[in-house]
Amino acid sequence: MLAYFPTLYKDELLYSSIARYHVVSGNKTQRQTIEDLFGNRSVCATADLPSHLTCLSNNLNGQYTADQIIKNHTLLPYYTSFMKQNKIHQVQSLMEAGNKQGEVHASLGLLASSIKLPVKLRFCSECFKSDSEICEPYWHRCHQLPGVFICPLHRSILKISRVEYSTLHHKFSFVPLAMHGESDYTEPDIDANWLDHLAFIAVQSNLLLQSQSKSKEKTASYRMVLPKERYQTIGGRVRFNRLIQDFRNIYTDKLLEYLDCGIDSNSTDTWLHKIIRHQEEIMHPLRHLLILGFFEKSVGSFFVTPHNHPFGNGPWPCLNKAADHYNQSVVEKCAVTHCSTTSKPVGTFQCSCGFVYSRRGPDTCDEDRNRIGRIKAFGPVWYDQLRCLNKTSTSLRQKAKILGVDPGTVKNQTEHLDTNKAILNQVRSQSQAIRSRKINKKGCSLTKVNRKVDWDQRDEILYIAVVKAVEQMKQLPYPQRISLASIARHTDSGNLKHKLMKNLNKLPKTNEFVKTHVDSTETYQIRRLTWAASELNETEGKVLGWRLLKLAGLNHPLRKEVNVKYLELLS
């Protein structure tokens, strides 16, 4: 056992401490140092993912365990952050025991990855100075990560030393930073426009490296954070062409190539396709960080595990005041999506009584569980209670208090019930008249039926329903395209949809209203641009071109009328 081994500094590479030990020990050769520490002269001077750590720990007489060395003084935590638990155990076992040269890197997929490892070890001038004042300069882990060109602590560009990162040409060479010298370095060629992106990568990479959790395999899917209207169809299909175009616009092709993460716009099987589809293959952490940066998320805010549900564990309370189980934890369904503007989680809670409500999260206290952000559906139980109250002399405010809504909602929903009732009765009476023929055994009609439909009357009824549907659609928080089909969906009146779609030419008043309010592609895009500009002015106080297009779900080239409005909103 060794009589002495230097104390490992915070965030110091094991390679660095071995280099310092070699200087203090007075050994003439590096091989002698390796034999002292590992009891084996075949161990390589691996900077990032060393092995034979159990032997080293035993020779240190328990000063550091193999697990402590791996977690705090190697780069393995960075690579395991997006990896399955069984794979982590496999790689950790290889590092603890002896293995063939390159076996750990091969298990992590680094040998086959297009992302190259750094050529030389790197250091920060500010860290060099501060470390020299406290103890001595040493090689920091966070400076040696792929894609990290900026110090996450001082935000300064890292210097490239002359000490090789790979063991190809210096299999047994351990060089301490203090002996290398602060002035012996080169500087990387970095575009000033990349600095914000590179600073984000450096900080987030360091967060992965410092994380004490061994695995974060229970991450939320990237599809959950894709804005529905922008990058996904209603059916859930990802709009990869639009996603890739925006991704390349944000980072630029030069930066992506610099980071070995270039994307071929003509390919349908790029690394971006694979990472969004959530395939089981190992993906380099740098590419995960680029995705998180694109969606303006950090490592800590993205991971969601079963023990970290943004709305707590179910069941959740039903907040339908009209139900006999009000405020009881009976809601089993909670669908979590993400807000397209804030990226915060949105929970939609659906009770068996038909009451559906949502709220933006995450919940921060127990009181949040009893908070409603928006009621999406009232359900039959709530409507039955409303009908009963409408038959009494109860005041409007008292009805609102009993039902748990505001007086305006009571009035609107009462009108909705009355309108739908009149429409349904009218349509039902006409349908029953047609079906009222009685047929005798020989197939002869016993009664004569009047098949004539009063189209003027139906036109008046449908006109009221269509006007109300269009008004409701225009009041939605996010612009929805006004089309004949969407109007029919919002009328919510049984067979009325069929009547509206098939007989519009017989309904002149309704037809005229529909023609003047249905969106063309240009008018719909203009409405979205106007809405997006209003949102940006309210939240950010300014309107940037790329932010406006991203929020509106549009991209160049724009149609002539739309482009005129776009330029007007930017001016």
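Predicted model: local features only at pLDDT ≥ 70, side-chain atom pairs only at ≥ 80, totals over all residues.
Let's begin with the overall picture. The chain has 571 residues, and 46% of them are buried. Its secondary structure amounts to 26 helices and eight strands. If you look at contacts between residues with a separation of 6 or more, 61% of them join residues 24 or more positions apart. The accessible surface of the chain is about 29,600 Å², and carbon and sulfur atoms contribute 49% of that area.

Now step inside. The largest nonpolar core holds 88 residues, and the members that touch the most others are Tyr15, Phe247, Trp271 and Leu272. Setting aside neighbours within four places in sequence, Phe247 is in contact with Leu256, Ile263, Trp271, Leu272, Leu290, Ile291 and Phe294. Two of the residues on that list, Trp271 and Leu272, are themselves among the members with the most core neighbours. Apart from this core lies another one, made of 22 residues, including Phe311, Leu319, Leu389 and Ala400.

A histidine is also worth a visit. His288 sits in helix α15, which runs over residues 285-294. With a relative accessible area of 9%, His288 is buried. Beyond its neighbours within four places in sequence, His288 is in contact with Phe82, Tyr222, Ile275 and Met283.

What about the cysteines? A search of the whole structure turns up zero disulfides. Cys151 shows how this comes about for one residue: the closest cysteine sulfur, in Cys127, is 3.7 Å from the sulfur of Cys151, too far for a bond, because a disulfide requires the two sulfur atoms to be within 2.5 Å. Cys151 is buried, with a relative accessible area of 0%. Cys334 also counts as buried, at 18% relative accessibility.

Turn next to the charged side chains. Side chains of opposite charge can pair when their charged atoms come close.

In helix α4 (residues 66-73), Lys71 and Asp67 are four residues apart, so about one helical turn separates them. They form a salt bridge whose closest N and O atoms are 3.9 Å apart. Lys71 is partly exposed at 22% relative accessibility, and Asp67 is partly exposed with a relative accessible area of 26%.

Arg387 is partly exposed, with a relative accessible area of 38%, and Asp384 is partly exposed at 42%.

The pair in helix α26 (residues 560-570) is Lys565 and Glu568; they are three residues apart, so about one helical turn lies between them. Here the side chains meet in a salt bridge at 3.4 Å, N to O. Lys565 has a relative accessible area of 22% and is partly exposed, while Glu568 counts as partly exposed at 46%. Elsewhere, salt bridges link Glu12, Arg20 and Glu136 into a network.

Two residues other than glycine have a positive phi. Thr252, with phi of about 75 degrees, is in the loop between α12 (240-251) and α13 (253-258). Thr252 is partly exposed, at 33% relative accessibility. Asp260 has phi near 60 degrees and is found in the loop between α13 and α14 (271-277). With a relative accessible area of 22%, Asp260 is partly exposed.

Key
Residues numbered from 1 in each chain as written. Heavy atoms only, no water. Core = buried A, V, L, I, M, F, W, Y, C linked by side-chain atoms within 4.5 Å. Buried < 20%, exposed > 50% of the residue type's maximum accessible area, 1.4 Å probe, protein only. Contact = heavy atoms within 4.5 Å. Areas by Shrake-Rupley, 256 points an atom, 1.4 Å probe, with all protein chains shown as cover. Salt bridge = Lys/Arg side-chain N within 4 Å of Asp/Glu carboxyl O.
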